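Subject: Structure handover

Hello,

Here is the structure for your files. My notes follow below it.

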Amino acid sequence: MSSRIFLVIDLDRCWGCKACEVACKQELGLGVGPRPMKVVEVGPRSLDGALHRDFIPTLCQHCDQAACQAVCPVESIYREADGSIQIDRNSCIGCGACVTACPFGVMEMDGEGGSPVKCTLCHQRREDGALPSCAQHCIGRAMTLVAEEGLAESLRDRHSWKTGRIVYVTGKWARLGVALQETEADPRSVPA
Amino acid sequence: MSMSGAGHSDQVLTPEDRRNRFALRLLGEQVDPAYRRRLPGGERNRAPVTPAAPKAGRPSAKPGVKIVRSACYSCNSCCEVLVFIDEASGAILKVEGDPESPVTRGILCAKGLASRDLVHNPGRLRHPIVRAGERGKGAWQRISWDDAMNRIAEKLLFYREQYGAEGVAFLQGTIRGWSRVYSRLANAFGAVNHGAAGWGQCLWPRLVENAVTFGATYTEVADFENTHCMLVWGTNPPSTWPCFASQIMDARERGAGLIVVDPTLSETAAKADIWLQPRPGTDTALALALMHVIIRDGLYDRGFVENWTVGFDRLKEHVGGYSSEWGEKITRVPAALIEKAARRYAGAGPAAIYRCVSLDQVHDSLQACRAVSLLAAVTGNIGVPGGNVTVSRRGEITQNSHTFIGYDLLPGDKIPLRRGIDRFPLLCDRLSPVPTAHMPTLWETIATGKPYPVKAALIFGSNALISYSNANRVKEAMDKLEFIAVCDLFMTPTARMADIVLPASSWLERDNLISSFQVCPTTTIAQQKAVELPEARSDVDIVCDLARKLGLADHFWNDSEALYDFLLEPTGLTFREFKEKKRLFAPLVYRQFEKNGFNTPSGKVELYSSLLEKNGCAPLPVYTMPVESAAGAPEGAAGYPYILTTGWRPPAYRHTENRENPILREQFPRPGLLIHPDTASTLGISEGDPVVVETAAGNATLYAVLTLGIHPDTVQATPGWRGRANINRVIPWTQFAEGIGSVPMRGIFCRLRRGSAADGAPGDEGES
């Protein structure tokens, strides 16, 4: 697992079925409550006379500049060699500073007095040669794991946005002339 | 439907707010226009044509973990799965898709992924129980299996002795095993009043339609892999048929067109190139208008029509008056869009129609099914790669349906007693794959005792109180039954009414042989017992055992394994050997008709159906007005100004199932009613408010979900909820489909109002 990896999410292929949400919870052993993966629906909304209904799988972005990592008082949040951001369960004190700091709202506490949970990019599964559970089970086959060397090729001629290891791509919105963007893309610009 | 505005100060935003704001901004919603870059030459940004298919390795087992390869039965898709078991405790750790499956390539839906709860849920029935107090009060006494079976057999024999076998109803639901053994038990017992909530409402209209039009035994396959255009009619596969959803997505990325017919902007409609949004219940009119354009413009396949169909001239004359303008008037789909869709479908090269239950649930179900499938016939999209392939074999283990269910065991003089057989021969008589009673007629007989008493019911895998239309009337009927035995997984409202309740095993706890003709008619797979609940038993084993107690052992197998051995005989394998092999896969055969013709009276595709004519039904698809239409019943239109359709099926649920599962319930916590914001505003209804839906049959209360993706005069309900939220309470028995008796559930006049405290809570949790 020496190569840095990216999870490419093709928004054109997301059905909004939420299989990924359950796959993720199962892999991380979570019950009712936190959803490290959550599909957010946008619309239906009317643009240029047509109705659009879209789905955005939201999860830890494994940011290049990770706000959670910066605020952790005990340095329990670290970056793996593959580029993913991980939480060291043993040293985490459960203070929740990372949850407050995350500009994407994708970290949650697992129950009262619990510890923070978020996407691990299925670190363990990948070591075992399997795909992240969300990507394997995705009914639209919208998610692809791509090594850094292959990223440019898989994004060619597509419209994309990323701030870390998660890459959102679309052909539909490129055709409609709307750029994928997040106005405060740099998480450091968001007050904690 | 989704969250709307999101604030701008992070100080006050919850993580969820931030999550929603992120998603909105990513797609340019509520973003300062200065940030919205317009890309020059958008066309150049077209997506690449290579599908982004991830390569999945198969997860390996850790020490102390056992992996059992099985097949999910959360629905009829039968996706292959891996069940991870902790060897020390025997507990299921997780259920995952099997990346080695040629059909799924590893995907699995929310229901399948969450299915370990079936075994661990505290609400699971774990042993046989007998009623120990007043009916429905919840007092039970535990009994042994042997005692339970003896008591049931004794009662069934008693009622047969007293009232004849027609006085005992054999009801079933989505048992999903070799459920036809249950039909065999009914026939061997002599019970003509055998049936299911689903049959006349789901699948049977399509099966009968395939039989009379194409001479096929099963439903047609949509060959997505090779198609240039998909016409998805009233179905939303990402919610209900995940394998098809993934195939549609692959075909779409390959460049195949996608036309979707749906009254709401479903997940599938949202991905469509052309979305046709008809008024619920007008499918036949839409299909006839499409046919008009195809024939008028000469877009049909002359060679196929000439060589392989009968009745084209009559069809041509018949649709002459059904112009796209006429279609617009009836369906309110713009005529220009009808023309465009017809040209796209007929002009694309091989095109595949994919349809499902919605066409079985309109007032003219059989005619609607025919009107749609004749589109495939006249365009020559039958039996060809990329089209619709008709199917009469079920993998390697084909059985003649009537032989297997022991139809000839039924005494001939009893058959005329079957309720509904006089009016609905296509459901109740020989043309039906499993001849069944017409359920509304049977419920009325149970309620009134006319024309003869029906006093006892054996109910397998059916939450009858919730799953039948006109639920209030069904409850009245059930109250009249003197004896009820129920076999199920959970203590459903129906099981609560029973005298004896048997605990069925879930798919994780039993061996099974599967050939799901609906998803893949060419594959046969083994479902393998992953865990054991000591007293839960498979339906097949229970049926075989009960048959012995009823003195019918001669017609049955010793147990389920003996049945599977019998079914596998043509393959030369025993079930035990087959389990090692796990699957048999036969490729789809194209153009079989060139060798064998079509198994219809004429040997060709019957555009004009001689079998329908013989059975007193319209031989060409005719558009008839639903009773529930402004023209059909003006008074109704005045008193009930909105149109209800009941087809909103969230991916977390199947029919009445899965509400007990906390993970799935979290995804879709409340019974929802889709309603247009303008309508909601007129009625003083806000997002999340309780809404009372009323018809002459009754009322139901669901929670408003506002969406622009529905017509302002239409609302769409999620079916399958309990208590006041059960939308079946408002479905009347005022009209049945010609010949086959389907109850219209799509396109019902209703009134709407905001619910108040006086209406009480929807109470979806338990009470019926």
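Chain B carries 85 positive and 82 negative side chains. The centres of the two sets lie 2 Å apart. Lys and Arg count as positive, Asp and Glu as negative; His and the chain ends are not counted. Each charge is placed at NZ of Lys, CZ of Arg, CG of Asp or CD of Glu.

Some ground rules. This is a predicted model, in which local features need pLDDT of at least 70 and side-chain atom pairs count only at pLDDT 80 or more, while totals for chains, interfaces and linings use all residues. Residues are numbered from 1 along each chain as its sequence is written, chains are lettered from A and ligands numbered from 1 in the order in which they are written, and side-chain values use heavy atoms, with hydrogens and water left out.

Chain B overall

Chain B has 28 helices and 27 strands. These are DSSP runs (helices H or I, at least four residues; strands E, at least two), numbered from the N terminus. Along the principal axes, the C-alpha atoms fill a box of roughly 75 × 70 × 60 Å.

Of the 768 residues in chain B, 63% are buried. Buried means under 20% relative accessible area, exposed over 50%, partly exposed in between (1.4 Å probe, protein chains only).

Helix α17 of chain B

This helix spans residues 439-448, and eight of its ten residues are buried. Among them are M439(B), L442(B), W443(B) and I446(B). The buried residues pack against β6 (168-172), β7 (194-196), α18 (464-467) and α19 (471-480) of chain B. Contact here means heavy atoms within 4.5 Å. Just after α17(B), G449(B) has a positive phi of about 75 degrees.

P15(B)

P15(B) sits in helix α1 (residues 15-26) of chain B. Its relative accessibility is 23%, so P15(B) counts as partly exposed. Leaving aside residues up to four places away in sequence, P15(B) touches V99(A), F104(A), G105(A) and M107(A).

Cysteines

Over all chains there are zero disulfides. A disulfide is a pair of cysteine sulfur atoms within 2.5 Å. The closest cysteine sulfur to that of C17(A) belongs to C138(A), 6.4 Å away and too far for a bond. C17(A) is buried, at 10% relative accessible area.

Regards
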